[in-house]
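Here is a short briefing for a first look at this structure. Start with the sequence and the model, then read the points by topic.

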Amino acid sequence: MSEKKVKSKPKTASKAKAAKPEAGKSSKAKTDKASKKEAGKEVKAKESKAAKVLEGKAVKAEEKTAKADQDLKPTAKEKTGQAEINIGMVGHVDHGKTSLTQALTGKWTDTHSEELKRGISIRLGYADVIFYKCDHCKGTEAYSTKPVCPTCGKKSKKLRKVSFVDAPGHETLMTTMLSGAALMNGAVLVIAANEKCPQPQTEEHLTALKMAGIEKIVVAQNKIDLVEMPKAKENMKKIKGFLEKKGYDKVQIIPIAANFAGNIDLLIESMEKEIPTPKFDLKKPLIMYCARSFDINKPGSKLKEMKGGVVGGTIIQGKAIIGEKILIRPGIEEKEISTDIRSLSCSSGKLKEAIPGGLVAIGTGLDPSITQNDRLRGQVVGTEKSLPKATTELDTEISYIKRVVEKVEEKIKSNEPVVLTIGTMAVVGIVTSISGSKAKISLKNKVVVLPGQKIAVSKKAEGRWKLIAYAVAK
Ligand SMILES: Nc1nc2c(ncn2[C@@H]2O[C@H](COP(=O)(O)OP(=O)(O)O)[C@@H](O)[C@H]2O)c(=O)[nH]1
Ligand SMILES: [Mg+2]
Ligand SMILES: [Zn+2]
């Protein structure tokens, strides 16, 4: 990762905006020429839209919104509340997942010092945004992330709050992406238009989505500013072919330029139509996958003022209610953790009850040293009713992914190390016996496996952990 690349990355929204007019100028000629040779109807609408955005119209709209924003702030009700859905940002490294997350939410999720230094995402990133639709405008232009319509300046209607889970695309971080997939209800697969499709993690991430049962996806064909229109079209055809081969045949492909916020309204419209909010079962007992955990006390806090440890994650079923008892399994040092819920919050503030959708934080009565530095990441929060006992021995039924089915050498063998991703937990194990599709796996640490839960199985190949199968424990 060169220094130049790190520098070119827009770290703030204002920097990204400053780059817009320039891009408009340089790509205008290209886009004009190409848009004349137009074919398919749907593609035509999208591409002429792309051309318009790059001509700089969107920049003007943005300026108008900035002014109007000051007059008409979102109401308190619109600002608070949990996200309704988690949408994953997945795809090959450098294709623009973090840039697109920023274009949509205004937040740059790579904040860890190592991420800034290397210019790649290492951890899962989270950023929330509210989608709006204007009743006075027709079509795509009605969609935005602004409470004031960027097109007409009138007040827009809130559609829903969305939480984006920005996954790392680097091949060595596949297990992190897999644990992120456990939190996603739908996804945007980001594919760069200026590279051949599919790139290795374009394919591997889509396989991971398929395996996790994530059917509702939209493809963002990014960096459209870097290619001429015929090349963009050819690339789109390749993407279509790839998606069909993977069993995703009715997926919308939206050409965008994340760096210049080009076609973001079209992408929002597509997410609204193609990725509906799932129905969660709030009556079931609580289950939350823990994605992070921390100590919120400042160093040197007085003992009396110390707040208990905090666990953050996504609720999969049920509700979290202040005052209720919770269990955290597998726990630490072979012991499950028992505590109670002292506070609840999400990105926009305190909650009385927390339900599925977005990232929520549970303040507990635990000693903060137990939760500091993501110590409880991968654990499952729930109750005696919802959580099976933790175990290190799994009896599983293995299903290989398509690519592996015909390749004996890629299948797992007895005594071979594997990494299992179970919810947000990644754990190393050894295959103790295998016969056909039945495998016994002995794990280094205890895990909680929910009934019927799909476990991602990765195996070491070419110096990294490659996704090869999923398993279901018996
Ligand atoms: N020209 C152009 N560059 C982009 C666009 N989107 C992202 N990039 C650049 O591509 C590089 C990788 O982006 P990043 O968001 O970190 O990719 P990620 O690894 O998928 O998260 C950065 O240098 C971005 O500035 C785009 O629409 N057009
Ligand atoms: Mg990234
Ligand atoms: Zn409007």
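In this predicted model, 6 strands close into a barrel in the order β17-β20-β19-β18-β21-β22, with antiparallel pairing. From one strand to the next, the twist averages 45°. Strands pair if DSSP finds at least two bridges between them. Helices (H or I, at least four residues) and strands (E, at least two) are DSSP runs, numbered from the N terminus.

The model is predicted: local features need pLDDT of at least 70, side-chain atom pairs count only at pLDDT 80 or more, and totals for chains, interfaces and linings use all residues. Residues are numbered from 1 along each chain as its sequence is written, while chains are lettered from A and ligands numbered from 1 in the order in which they are written.

**Barrel strands and the helix across them**
- Strands β17 (residues 391–400) and β22 (residues 464–473) run antiparallel and are joined by 5 bridges.
- Ile 398 stands opposite Ala 471 in β22.
- Helix α10 (residues 200–211) lies across β21 (454–461) and β22, at about 10° to β22. Axes are lines fitted to C-alpha atoms, for helices over the stretch in contact, and angles run from 0 to 180 degrees between N-to-C directions.

**Helices α9 and α10**
- The axes of α9 (residues 174–181) and α10 come within 10 Å and cross at roughly 30°.
- Met 174, Met 177, Leu 178 and Ala 181 in α9 meet Glu 204, His 205, Ala 208 and Leu 209 in α10. Contact requires C-beta atoms, placed from the backbone, within 7 Å.
- The residues of this contact divide into 6 nonpolar, 1 polar and 1 charged. Ala, Val, Leu, Ile, Met, Phe, Trp, Tyr, Cys and Pro count as nonpolar, Asp, Glu, Lys and Arg as charged, and the others, Gly among them, as polar.

**Ligand 1**
- Of the 21 residues around ligand 1, Gly 96, Lys 97, Thr 98, Ser 99 and Asn 259 come nearest. Here a residue is near if its C-beta atom, placed from the backbone, lies within 6 Å.
- Helices α1 (3–8) and α7 (97–105) each give two or more residues to the shell.
- The largest share, 3 residues, comes from α7.

**Burial**
- In helix α12 (residues 264–274), 8 of the 11 residues are buried. Buried means 20 or more other C-beta atoms within 10 Å, exposed 12 or fewer, and partly exposed in between, with C-beta atoms placed from the backbone.
- Ser 347 sits in the loop between β12 (335–346) and β13 (349–351).
- Ser 347 is partly exposed because 19 other C-beta atoms lie within 10 Å.

Key. Contact = placed C-beta atoms within 7 Å.
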